[in-house]
Amino acid sequence: MNDRRLTVGIADMKIGQGECELVTYALGSCIGLCFHDPRMKLGALLHIMLPINMETGRAHPLKYADTGIKETLKQLEARGASKSRLTVKIAGGAKMFEVSGGSGLGNIGQRNIESVHTILKRENIRLLGEEVGGRVARTLFFDVGSGQGCIRSYGQKDIYF
């Protein structure tokens, strides 16, 4: 399947259909979202960094949960996906660093998780599975045809969801 593997960078999103695998690396506090329309065998993998877009002009919409999810839904629907059939699986949101002084910056992962949950609920998108939190970076593989996700972390067994 490696000939049909697309790599999704940080603050990036790729769409695939049929026999295609999407992969994103280095999910620390970031979150990877696997969108899937099972009837169309159409999917997208979005790698967001931050919960809310505060940039004026919204120059990098895929960097943020709010604008990234909205843009991904728009592009999937433009390719024939039905919002009512879409499901999502998420991974990431780890607490990678300890920050002294009670700064909220130390747990951006938790803020990302909460933001993603809120937006998916508001958009009425079903969350089928998640592997979030903790203190470990993850690599996320997404088989678009089957809708199966696989999480690989250093020194741990692969998790399929």
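**View 1. The bridge between Glu 21 and Asp 143 in a predicted model.** Glu 21 has Asp 143 in strand 8 as its bridge partner, where strands are DSSP runs of E with at least two residues, helices are runs of H or I with at least four residues, and both are numbered from the N terminus. Strand 3 (residues 21–27) and strand 8 (residues 138–143) pair in the antiparallel sense over five bridges, two strands being counted as paired if DSSP finds at least two bridges between them. The open sheet is formed by five strands in the order 1-3-8-9-10, with mixed pairing. Strand 1 (5–8) and strand 10 (159–160) stand at its edges with a single partner strand each, so one side of each is left without a neighbour in the sheet. This is a predicted model in which local features need pLDDT of at least 70 and side-chain atom pairs count only at pLDDT 80 or more, whereas totals for chains, interfaces and linings use all residues. Residues are numbered from 1 along each chain as its sequence is written, and side-chain values use heavy atoms, with hydrogens and water left out.

View 2. Gln 17 is partly exposed, with a relative accessible area of 40% (buried means under 20%, exposed over 50%, and partly exposed in between, with a 1.4 Å probe and protein chains only). Leaving aside neighbours within four places in sequence, Gln 17 is in contact with Arg 4, Met 40, Lys 41, Leu 42 and Val 144, contact meaning heavy atoms within 4.5 Å. The side chain of Gln 17 reaches the backbone oxygen of Met 40 at 2.9 Å.

**View 3. Leu 33 and the largest nonpolar core.** Such a core is a set of buried Ala, Val, Leu, Ile, Met, Phe, Trp, Tyr and Cys residues joined through side-chain atoms within 4.5 Å. Among its 23 residues, Leu 33, Phe 35, Leu 46, Ile 69, Leu 76 and Val 116 touch the most other members. Elements that give two or more residues to this core include strand 4 (31–37), helix 1 (65–78) and helix 2 (108–123). A second, separate core of 13 residues includes Val 8, Leu 27, Leu 140 and Phe 161.

**View 4. Cysteines in a structure with zero disulfides.** A disulfide is taken as a pair of cysteine sulfur atoms within 2.5 Å. Cys 20 is buried at 2% relative accessible area, and its sulfur lies 12 Å from the closest cysteine sulfur, in Cys 34, which is too far for a bond.

Technical notes:
Polar contact = N/O pair within 3.5 Å; in protein donor to acceptor, adjacent residues only side chain to side chain.
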